[in-house]
Amino acid sequence: MNFRRSRRPLVWLLLLALVATSPWWSWPLRHIELLAGAWRYRQQPKAMVVPVEGLASTTLSSTWHAPRSGGRRHEGADLFAKKGTPVVSAVNGQVWRMGQDRLGGQVVWVLGEGRTLYYYAHLDSFADLRVGDHVKRGEVLGTVGNTGNARTTPPHLHFGMYRVGWKGLRAVDPVPPLQRRAAARPAHREGARPRLRPVTSAA
Ligand SMILES: [Zn+2]
């Protein structure tokens with residue numbers, strides 16, 4: 001019996017396990033997964049909705065790079081609303097991550113149109129969604145709250161946008177695209193519009 005040969009698959013398996021679990025390797029692996037996902041959403045969104053129900057895009061003002069605690073700069077938009085107001089997806093996409101985050105509290109990440117990760121933070125509650133679920137523009141993701149480092153502030157949605165590129169994520173100001181691409185109505189309600197009957201004859 002050739003002992004060396006019979007052991008080889010086991011060695012490869014161990015190496016593979018090491019590669020997959022070591023922090024140094026797992027970041028590139030995760031990034032490749034993200035790039036592959038982002039490729040499916042490479043088209044720019046035809047329209048976007050303000051991710052807090054009832055807020056008009058004309059009322060938004062940018063706080064991009066305003067100073068924050070710990071020398072951080074604000075990378076997103078704070079959309080203030082009453083606790084429990086529905087938070088909706090700004091674009092069509094797929095739930096990428098959901099859970100707890102030290103700064104963001106209860107958060108949802110959606111990988112969506114425009115090769116972008118959309119970040120919804122400080123949520124009070126989550127909608128009945130799983131990682132991998134497809135969400136349409138205007139679909140409810142959760143509700144406005146003040147979890148994470150927003151505990152001492154009035155309830156608001158922290159909304160972030162990160163372009164996915166080969167070198168990593170690049171934060172962009174969400175307010176200009178939200179105003180530029182403001183949609184009249186959310187995509188998930190478009191199906192409710194009365195269908196036009198096709199013209200079959202010129203009577
Ligand atoms: Zn914020």
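This is a predicted model: local features need pLDDT of at least 70, side-chain atom pairs count only at pLDDT 80 or more; totals for chains, interfaces and linings use all residues.
In which strand is the place of His122? His122 sits in strand β5.

**Largest nonpolar core**

- The largest nonpolar core holds 35 residues, of which Val87, Val108, Tyr118, Tyr119 and Tyr120 touch the most other members.
- Two or more residues of this core come from each of the strands β1 (77-80), β2 (86-88), β3 (93-101), β4 (105-112), β5 (116-126), β7 (140-144) and β8 (156-165), and likewise from the helix α3 (175-180).
- The greatest contribution to the core is that of β5, which supplies 6 residues.

**Contacts of Val108**

- Leaving aside residues up to four places away in sequence, Val108 touches Val95, Met98, Tyr120, Leu123, Phe126, Leu141 and Gly142.
- One of these partners, Tyr120, is also named with Val108 among the core residues that touch the most other members.

**Positive phi at His122**

- His122 is not a glycine, yet its phi is positive, at about 70°.
- His122 is buried because 27 other C-beta atoms lie within 10 Å, the cut-off for a buried residue being 20 or more.

**Positive phi at Arg115**

- Arg115, likewise a residue other than glycine, has a positive phi near 50°.
- The loop between β4 and β5 contains Arg115.
- Arg115 counts as buried because 20 other C-beta atoms lie within 10 Å, and a residue is buried at 20 or more.

Definitions and conventions
Residues are numbered from 1 along each chain as its sequence is written. A nonpolar core is a set of buried Ala, Val, Leu, Ile, Met, Phe, Trp, Tyr and Cys residues joined through C-beta atoms within 7 Å. A residue is buried if 20 or more other C-beta atoms lie within 10 Å of its own, exposed if 12 or fewer, and partly exposed in between; C-beta atoms are placed from the backbone. Helices (H or I, at least four residues) and strands (E, at least two) are DSSP runs, numbered from the N terminus. Two residues are in contact if their C-beta atoms, placed from the backbone, lie within 7 Å.
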